[in-house]
Amino acid sequence: TEDVIFLLNAEQAEKYQDVITEIENLSAISLSKQEYLNACEKHMTESCQNFVYDAKGFSAEIELGQPKLLFFSIPYDDGWSVYCDGEKMETYMLLDGFLGAQLPEGEHEIKMVFVSPGSRLGLLLSICGIILFVVVIYLESGKRKKLLADLDNRALESDSQEEYNVE
């Protein structure tokens with residue numbers, strides 16, 4: 001049997017038509033327990049292996065006998081990026097909320113990286129805020145020094161005038 005991805009919308013079904021099989025009558029599909037286990041075993045041969053997790057995501061290896069639409073049971077989010085052998089792949093929302101990517105035939109190293117949307121902008125704004133804070137402190141300290149110097153000068157002038165006004 002061919003691999004099947006259920007619940008694609010019409011646009012997705014058209015886009016992935018070369019890597020999916022359309023089933024006309026879903027109600028006619030019935031698998032015995034053994035057929036189901038055999039199908040699971042077959043799918044395991046084309047699933048990701050050797051997962052390595054890190055702080056930003058994970059990497060894994062996969063070998064595909066033909067181009068496939070790879071399904072990840074990870075909730076879809078714009079922050080996810082999928083890399084296949086170092087090349088960034090387009091990501092898709094599958095099954096109304098899960099992450100997918102189309103991969104070519106062959107052995108591949110898959111890298112999944114998550115960067116929270118807005119984190120780069122947040123970092124930039126934080127750095128700008130710190131720089132602005134330092135500039136304000138610097139300018140305020142310059143004004144304070146000038147004010148103190150002006151007060152000292154006035155005090156000296158006042159003392160000088162008192163010396164000359166002695167009767």
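This is a predicted model: local features need pLDDT of at least 70, side-chain atom pairs count only at pLDDT 80 or more; totals for chains, interfaces and linings use all residues.
Figure 1. The chain has 167 residues, and 21% of them are buried. Among contacts with a separation of 6 or more, 57% join residues 24 or more positions apart. The accessible surface amounts to about 12900 Å², and carbon and sulfur atoms account for 56% of that area.

**Figure 2. The salt bridge between Asp 54 and Lys 111.** The structure holds one salt bridge. In this pair, the side chains of Asp 54 and Lys 111 meet at 3.0 Å, N to O. The bridge links distant parts of the chain, with Asp 54 in strand S1 (residues 49–54) and Lys 111 in strand S8, 57 residues apart. Side chains of opposite charge can pair when their charged atoms come close. Asp 54 counts as partly exposed, at 42% relative accessibility. Lys 111 is also partly exposed, with a value of 29%.

Figure 3. Ser 59 has its place in strand S2. With a relative accessibility of 11%, Ser 59 counts as buried, because the cut-off for buried residues is under 20% relative accessible area. Leaving aside residues up to four places away in sequence, Ser 59 touches Asn 50, Phe 51 and Val 52, as well as Glu 109, Ile 110 and Lys 111.

**Figure 4. Backbone at Asn 50 in strand S1.** Asn 50 lies in strand S1. The phi angle of Asn 50 is positive, about 55 degrees, although the residue is not a glycine. Asn 50 counts as exposed, with 53% relative accessibility. Asn 50 is one of the residues that Ser 59 touches.

Figure 5. Strand S2 (57–64) and strand S8 (106–114) are the elements that give two or more residues to the patch. Glu 107 has its place in strand S8. The relative accessible area of Glu 107 is 64%, so the residue counts as exposed.

Figure 6. Phi of Asp 85 is positive, near 55 degrees, in a residue other than glycine. At 46% relative accessibility, Asp 85 is classed as partly exposed.

**Figure 7. A nonpolar patch on the surface.** Leu 123, Ile 127, Ile 131, Val 135, Tyr 138 and Leu 139 make up this patch. Together these residues have about 620 Å² of accessible area. One of them, Leu 139, is found in helix H3, which covers residues 119–164.

Conventions. Residues are numbered from 1 along each chain as its sequence is written. Side-chain values use heavy atoms; hydrogens and water are left out. Helices (H or I, at least four residues) and strands (E, at least two) are DSSP runs, numbered from the N terminus. Buried means under 20% relative accessible area, exposed over 50%, partly exposed in between (1.4 Å probe, protein chains only). Contact means heavy atoms within 4.5 Å. A salt bridge is a side-chain nitrogen of Lys or Arg within 4 Å of a carboxyl oxygen of Asp or Glu. Accessible areas come from the Shrake-Rupley method with a 1.4 Å probe; for residues, only the protein chains shown count as cover. Patches are made of residues with over 30% relative accessible area and no salt bridge: like charges are joined within 9 Å, nonpolar side chains (Val, Leu, Ile, Met, Phe, Trp, Tyr) within 5 Å.
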